[in-house]
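Below is a short briefing on one protein chain. Please read it alongside the sequence and the 3D view.

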Amino acid sequence: MIEINKEKCVGCGQCVLVCPFTVLELNQDRKAENNGKRCLACMHCAAICPQDAITYDGENAETGAVAPLPENTAGMIKQFIYQRRSYRRFRKEPVPAKLIEKALDAAMIAPSAKNQHPTRWIVIESEEIKDKVMGLILNYCAEQGVSPEVIEECDNGNNPVMGDNAALLIGICKTDSLNPEQDTAIALATAELILQSEGVGTCWAGYLTRFLNQIPECKKILNIPDSYKAYGSMMIGYADGQRYRKIPARLIKAEITTF
């Protein structure tokens with residue numbers, strides 16, 4: 001639970017204003033205090049407190065000061081988003097574990113329903129594990145008569161499920177989480193931005209997510225508990241000779257309804 005140092009608190013009330021569930025209030029002495037409601041541990045209060053008066057279970061509730069953004073940040077972000085591309089063929093060069101960890105640390109800062117951050121991560125780098133899972137997927141497609149394009153593409157030397165030489169990043173959640181689909185998507189999108197900013201190519205792996213949940217043997221190989229599902233997957237790696245020179249047009253425009 002959050003703890004407020006009454007000696008440091010100056011009664012400015014900023015923590016009260018930003019608390020999303022009115023957990024905090026100013027008492028008669030103009031000191032912030034918890035009114036007994038359950039705290040979501042979003043740490044908005046600690047982030048805004050000018051006196052560093054707030055801790056969480058005795059630990060620091062913030063990791064550093066907010067720094068000014070560089071000039072033309074909006075332009076750089078727009079350029080970065082528009083130039084982001086999906087890659088499916090990668091060099092046989094592993095993505096450093098520290099870089100993957102950095103991306104997933106950022107993913108845990110992404111918004112999630114009631115600050116639960118339910119997504120857990122599986123990283124597959126082993127070719128042996130990838131071959132086992134891919135074999136099960138191809139057998140499943142053949143036996144069930146589904147996704148014939150997957151078999152056809154693999155016969156042509158193109159793997160649309162896992163890409164070529166990609167590491168695989170899989171987000172799993174308990175099925176009874178509040179909003180696992182959205183939470184995992186936002187977390188993966190955040191990780192992707194970090195990875196691409198570091199020169200790592202990415203591609204969302206929708207086939208893989210779907211097949212993992214349809215084939216129990218795949219979940220068993222990856223030690224995914226029965227109470228969990230895969231809610232998002234991504235291929236990651238260093239692009240193999242792909243250099244995009246243009247920003248493609250989008251034929252489907254955003255449909256917007258305003259009331």
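Asp29 lies in the loop that links β2 (24–26) to β3 (32–34). Helices (H or I, at least four residues) and strands (E, at least two) are DSSP runs, numbered from the N terminus. The model is predicted, so local features need pLDDT of at least 70 and side-chain atom pairs count only at pLDDT 80 or more, while totals for chains, interfaces and linings use all residues. Residues are numbered from 1 along each chain as its sequence is written, and side-chain values use heavy atoms, with hydrogens and water left out.

- Asp29 counts as exposed because its relative accessibility is 55%; buried means under 20% relative accessible area, exposed over 50%, and partly exposed in between (1.4 Å probe, protein chains only).
- Between Asp29 and Lys6 the C-alpha to C-alpha distance is 9.9 Å, and the two are 23 residues apart in sequence.
- Asp176 sits in the loop between β7 and α7.
- With a relative accessible area of 62%, Asp176 is exposed.
- Asp176 and Pro118 are 58 residues apart along the chain, and 9.9 Å separates their C-alpha atoms.

**Sheet of 3 strands**

- β1, β4 and β5 form an open sheet in the order β1-β4-β5, with antiparallel pairing; two strands pair if DSSP finds at least two bridges between them.
- Strand β4 (residues 54–56) runs antiparallel to β5 and is joined to β5 by 2 bridges.
- Thr55 has Asn60 in β5 as its bridge partner.

**Sheet of 4 strands**

- A further open sheet has the order β6-β7-β9-β8, and its 4 strands pair in antiparallel fashion.
- At its edges stand β6 (120–124) and β8 (201–204), each of which pairs on one side only.
- On average, neighbouring strands of this sheet are turned by 25° against each other, direction ignored.
- β8 and strand β9 (residues 228–237) run antiparallel and are joined by 4 bridges.
- Cys203 has Met235 in β9 as its bridge partner.
- Helix α7 (residues 180–197) packs on the sheet and touches β6, β7 (167–174), β8 and β9; contact means heavy atoms within 4.5 Å.
- The direction of α7 makes about 15° with that of β9; axes are lines fitted to C-alpha atoms, for helices over the stretch in contact, and angles run from 0 to 180 degrees between N-to-C directions.

**Packing of α5 and α8**

- Helix α5 (residues 127–144) packs with helix α8 (residues 206–214) at an angle of about 80°, and their axes are 11 Å apart.
- That angle makes α5 roughly perpendicular to α8; angles under 35 degrees count as roughly parallel, over 145 as roughly antiparallel, 65 to 115 as roughly perpendicular and the rest as oblique.
- From α5, Val133, Ile137, Tyr140 and Cys141 meet Leu208, Phe211, Leu212 and Gln214 of α8.
- The residues of this contact of α5 with α8 comprise 7 nonpolar, 1 polar and no charged; Ala, Val, Leu, Ile, Met, Phe, Trp, Tyr, Cys and Pro count as nonpolar, Asp, Glu, Lys and Arg as charged, and the others, Gly among them, as polar.

**Whole chain**

- The chain has 9 helices and 9 strands.
- Of its 259 residues, 36% are buried.
- Along the principal axes, the C-alpha atoms fill a box of roughly 75 × 45 × 45 Å.
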